[in-house]
Amino acid sequence: MHQTADIAEACLLYTALHPAASAPLPVLRLVWQDGCMSQTFGMETPRNTSDLDPTPHRPPVRFLVVIDSGGSMVARLFLPSRELAAEFDAMVEEVTVMTQGLMPETGATGPEWDVALQGHNATERAEALVYTLPI
C-alpha cells in the first residue's frame with residue numbers, strides 16, 4: 001500500500017506545481033493487477049511434444065512368460081523381439097486379467113528364448129507358461 005500512496009502523493013504534488021497539467025490522474029493499479037497478466041493464474045498450456053520427440057515409442061509387449069525363479073513364480077513381459085520389458089510377481093491380479101481367455105504354451109525351450117531366459121535352468125524353462133498376448 002505504500003507504493004500506491006507514494007504514487008498518489010507524487011501525482012498531487014506534480015499537479016500542484018504545474019497547474020497546466022491538470023489532466024485527470026492516472027488510474028492507480030496495485031502491482032499484482034498488471035494488465036499484461038493472463039487470467040490462467042500461471043497455468044501453462046501443454047506443449048505439442050510430437051515435434052520434440054520424433055522417436056517412436058516402444059512397441060507393445062507380445063509375450064507373457066510365467067516361470068519359476070528360485071522357488072517363486074515370476075511373470076515377465078517380453079517385446080516381439082524377446083527383449084525383457086517388465087518383471088513382477090506372478091501372483092498379482094494383473095496376470096489373471098492379462099491371461100483371461102488365453103491358452104498358454106507349456107515350455108520356453110526354443111532357441112528364440114535362449115537369450116531372454118538365460119538365467120533359468122532347463123527344468124524351469126520346460127515348465128514355463130508362455131502366453132501370446134493380443135496386440
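**Notebook: Arg76 and its strand**

I looked up the bridge partner of Arg76 in strand 3 and found Glu87. The model is predicted, so I kept in mind that local features need pLDDT of at least 70, side-chain atom pairs count only at pLDDT 80 or more, and totals for chains, interfaces and linings use all residues. Residues are numbered from 1 along each chain as its sequence is written, and side-chain values use heavy atoms, with hydrogens and water left out.

I placed Arg76 in strand 2, residues 72-78. Strands here are DSSP runs of E, at least two residues, numbered from the N terminus.

I then checked the pairing, which requires at least two DSSP bridges between two strands. Strand 2 runs antiparallel to strand 3 (residues 84-89), with five bridges. Five residues lie between these strands in their hairpin, where Arg82 has a positive phi near 70°. Strand 1 (residues 63-69) pairs with strand 2 over seven bridges, also antiparallel. Ile67 is opposite Val74 of strand 2. Two residues separate strand 1 and strand 2 in their hairpin, and Gly70 in the turn has a positive phi of about 65°.

Is Arg76 buried or exposed? I noted it as buried, because its relative accessibility is 12%. Buried means under 20% relative accessible area, with a 1.4 Å probe and protein chains only. Strand 2 is largely enclosed by the rest of the structure, because five of its seven residues are buried.

Last, I listed contacts (heavy atoms within 4.5 Å). Beyond four places in sequence, Arg76 touches residues including Phe63, Leu84 and Ala116. The C-alpha atoms of Arg76 and Val65 are 5.2 Å apart.

Methods:
Helix = DSSP H or I, 4+ residues; strand = E, 2+ residues; numbered from the N terminus. Buried < 20%, exposed > 50% of the residue type's maximum accessible area, 1.4 Å probe, protein only.
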